[in-house]
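The sequence and the model are shown first, and a description by topic follows.

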Amino acid sequence: MRILYVTPIWTGLKGLLFEGDLEPKGMPAFVFPLKALVDKGNQVDMLLLSKKIISNIDFNIKAEWIKKVRMFRMIYRESGIKSKFIDYINIYRETKKLCRKHQYDFVYGHGPSAIAANYVANHLNIRYGQRLYGTFFWDDICKYGRNYALLRRHFEHLCFKTRKQFLIVTDDGSNGDKVYDNLNRTIKKPKYEFYFLRNGVNFPTDTFAQFEKNHSPESGINDL
């Protein structure tokens, strides 16, 4: 299976890519699924969204499993409304170029910035899944109201509203389940499967087996 990750460079990934770490330091919910996909023989490519401060740092990869992942890099800024929309356009264009060139079976977006990849995947009829590591949306709703939150967290809002195979949100105390319920309360048929999962813990064997069974190739997600 050919999979494209569209992702910022998270803490655990940064050490593996640039500091020669053999084991990740942090972000188990990101690194463990990635390693499992590689170990199962999938071809995994990554579009790395690099902030300018690390965009010119050379790779220093020593962990053998991640050497199998093909890396593509682009700079994004992620601060200021204008910059975020420019980032969106650039991520959309780069994702579209990679998808057309490499014919991926699945695109997996991480963080709100990857929502551009969701629209590419839908346009090209490629299966798509998204992972959010917590959310600031509920805090903004409580502090400032729903309309303000929709404007301030526009791309995060789209992650909860756009058609895809699944959305996973980390249960880290930021109330991602309440965001899902609030934004989808008038929708009769959900546009995706929603998972609200604890971070940094191992699945019990029977739970993980059931998760894999529910996401077999026949179901259209293939164990992601």
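Does M27 count as buried or exposed? With a relative accessibility of 18%, M27 counts as buried, where buried means under 20% relative accessible area, exposed means over 50%, and partly exposed lies in between (1.4 Å probe, protein chains only).

## Basis of the description

The model is predicted: local features need pLDDT of at least 70, side-chain atom pairs count only at pLDDT 80 or more, and totals for chains, interfaces and linings use all residues. Residues are numbered from 1 along each chain as its sequence is written, and side-chain values use heavy atoms, with hydrogens and water left out.

## The chain as a whole

The chain contains nine helices and seven strands; these are DSSP runs numbered from the N terminus, with helices (H or I) of at least four residues and strands (E) of at least two. Of its 224 residues, 48% are buried. The accessible surface comes to about 11800 Å², and carbon and sulfur atoms account for 51% of that surface; the areas come from the Shrake-Rupley method with a 1.4 Å probe, and for residues only the protein chains shown count as cover.

Contacts (heavy atoms within 4.5 Å) also describe the fold. Among those between residues at least 6 apart in sequence, 68% join residues at least 24 apart.

## The sheet

Seven strands form an open sheet in the order β3-β2-β1-β4-β5-β6-β7, and their pairing is parallel. Two strands are taken to pair if DSSP finds at least two bridges between them. The edges are β3 (70–75) and β7 (193–197), each of which pairs on one side only. From one strand to the next, the twist averages 15°.

Two of the pairings can be followed in detail. Strand β5 (residues 127–132) pairs with strand β6 (residues 166–170) in the parallel sense over four bridges, and G129 stands opposite F166 in β6. Strands β6 and β7 are likewise parallel, with five bridges; here I168 has Y195 in β7 as its bridge partner. Strands of a sheet pair through backbone hydrogen bonds, either parallel or antiparallel.

## Helices across the sheet

Helix α4 (residues 115–123) lies across β1 (2–8), β4 (106–110) and β5, and runs at about 165° to β5. Helix α8 (residues 176–183) lies across β6 and β7, at about 155° to β7. For these angles, axes are lines fitted to C-alpha atoms, for helices over the stretch in contact, and the angles run from 0 to 180 degrees between N-to-C directions.

Together, β6, α8 and β7 make a right-handed β-α-β unit. A crossover is right-handed if, with the strands pointing away from the viewer, the path from the first strand over the helix to the second runs clockwise.

## Three loop residues

M27 is located in the loop between α1 (11–18) and α2. Although M27 is not a glycine, its phi is positive, at about 55°. N125, in the loop between α4 and β5, also has a positive phi in a residue other than glycine, near 60°. N125 is exposed because its relative accessible area is 70%.

P112 belongs to the loop between β4 and α4 and is partly exposed, with a relative accessible area of 30%. Leaving aside residues up to four places away in sequence, P112 touches Q130, L132, F155, E156 and C159. P112 and R131 are 19 residues apart along the chain, and their C-alpha atoms are separated by 8.5 Å.

## Salt bridges

How many salt bridges does the structure hold? There are eight, each being a side-chain nitrogen of Lys or Arg within 4 Å of a carboxyl oxygen of Asp or Glu. One of them joins D39 to K35, with the closest N and O atoms 2.8 Å apart. Both residues lie in helix α2 (residues 28–39), four residues apart, about one turn of the helix. D39 is partly exposed at 47% relative accessible area, and K35 is partly exposed at 32%. In helix α3 (residues 81–102), E94 and K97 are three residues apart, about one turn of the helix, and form a salt bridge with closest N and O atoms 3.4 Å apart.

R153 and D140 also meet in a salt bridge, at 2.8 Å from N to O. This pair links distant parts of the chain, 13 residues apart: R153 is in the loop between α6 (146–152) and α7 (154–161), and D140 is in helix α5 (residues 137–144). Both R153 and D140 are buried. D140, R152 and R153 are linked in a network of salt bridges.
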